[in-house]
Amino acid sequence: MAQPAPRVSLIGKTAQACKYVSLVCLAVIATLIFVQILLRDFASMAFAGIEELARFAHINLVFLLLPLLFREGLHVNIDLLTQHAGPRLKRILDALAALLTAVYCLFFLVSEYQFMAKNGSVPSPGLGIPNIVFFAGAYLGMTLLLLTAAEKFVHTAKRQPEGGRQ
């Protein structure tokens, strides 16, 4: 009998969707850089908007992948302490790491809110995109990371260790 596939939360599905947006961003970055090289080498032209669009795609690529990488444990992870810990201590440390990640996300989002309150309408130099739009992928990615970390914290804190005892 086949086992049912594990349920994926809305946060998980959203993180998966962000993966596809990030792949598109990667393709956009590669294409724009290639076009910029061709324009410079063969037409002796440079267009600041191309570099700015590539930077916009890069910001989206990085920040939209954060929730998925954290969710799947593929982020930068220093496990020097946890590899030698017992199951209970490992679970406590995993919960603490998820909680601290959520707290970091809150600090990031609050500071960015304060920054954008003053500079959100400032246009970018090449294309004139307002900062609030230019960095929207960062806000979305960090918000999803906050939700992912909170979900992971709750899941880790509720999970019983092997044997069913605490």
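**Helices, core and pockets of a predicted model**

Reader: In which helix does S22 lie?
Author: The model is predicted. In it, S22 lies in helix α1.

Reader: Is S22 buried or exposed?
Author: A residue counts as buried under 20% relative accessible area. S22 has a relative accessible area of 1%, so S22 is buried.

Reader: Which residues does S22 touch, not counting those up to four places away in sequence?
Author: Contact here means heavy atoms within 4.5 Å. With residues up to four places away left out, the partners of S22 are N60, L61, L64 and L65.

Reader: Which residues of α1 are buried?
Author: An α-helix has 3.6 residues a turn, so residues three or four places apart point the same way. What covers the buried residues of α1 includes α2 and α5. The buried residues are G12, A15, C18, S22, C25, I29, L32 and Q36.

Reader: How far does α1 reach from its first C-alpha to its last?
Author: α1 has 34 residues, and at 1.5 Å a residue 50 Å is expected. The reach in the model is close to that, at 48 Å.

Reader: Which residue just after α1 takes a positive phi?
Author: α1 covers residues 10-43. Just after α1, a positive phi of about 50° is taken by S44.

Reader: Is I59 buried or exposed?
Author: I59 is found in helix α2. Not counting residues up to four places away in sequence, I59 touches F134, F135 and A138. The relative accessible area of I59 is 12%, and the limit for burial is under 20%, so I59 is buried.

Reader: How far apart in space are I59 and Y20, C-alpha to C-alpha?
Author: In sequence, I59 and Y20 are 39 residues apart. In space, their C-alpha to C-alpha distance is 15 Å.

Reader: Which residues of the largest nonpolar core touch the most other members?
Author: This core has 15 residues. The elements that give two or more residues to this core are α2, α3 and α5. F63 touches F108, G137, A138, G141 and M142, residues up to four places away in sequence not being counted. The members that touch the most others are F63 and M142.

Reader: Why does the span of α5 agree with its number of residues?
Author: α5 has 23 residues, which at 1.5 Å a residue should span 33 Å. The span agrees because the end C-alpha atoms of α5 are apart by 33 Å.

Reader: Which helices do the buried residues of α5 pack against?
Author: The buried residues of α5 include G137, Y139, L144, L145 and T156. They pack against α1, α2, α3 and α4.

Reader: Which helix gives the most to the lining of the largest pocket?
Author: The largest pocket has a volume of about 430 Å³. Of the 17 residues that line this pocket, H75, N77, I78, D94 and A97 are the closest to its centre. By class, the lining has eight nonpolar, five polar and four charged residues. The most, six residues, comes from helix α3.

Reader: How many charged residues are in the lining of the second largest pocket?
Author: The second largest pocket, with a volume of about 220 Å³, is lined by R71, D94, T148, E151, K152, H155, T156 and R159. Helix α5 gives the largest share of this lining, five residues. By class there are no nonpolar residues and three polar ones, and the number of charged residues is five.

Methods. Residues numbered from 1 in each chain as written. Predicted model: local features only at pLDDT ≥ 70, side-chain atom pairs only at ≥ 80, totals over all residues. Heavy atoms only, no water. 1 Å grid on protein atoms, 1.4 Å probe; cavity = no way out; pocket = protein on both sides within 12 Å on 5 of 7 lines; lining within 4 Å. Points joined across faces, edges and corners; volume = space filled by probe spheres on them. Helix = DSSP H or I, 4+ residues; strand = E, 2+ residues; numbered from the N terminus. Nonpolar A, V, L, I, M, F, W, Y, C, P; charged D, E, K, R; others polar. Expected span 1.5 Å × (residues − 1). Buried < 20%, exposed > 50% of the residue type's maximum accessible area, 1.4 Å probe, protein only. Core = buried A, V, L, I, M, F, W, Y, C linked by side-chain atoms within 4.5 Å.
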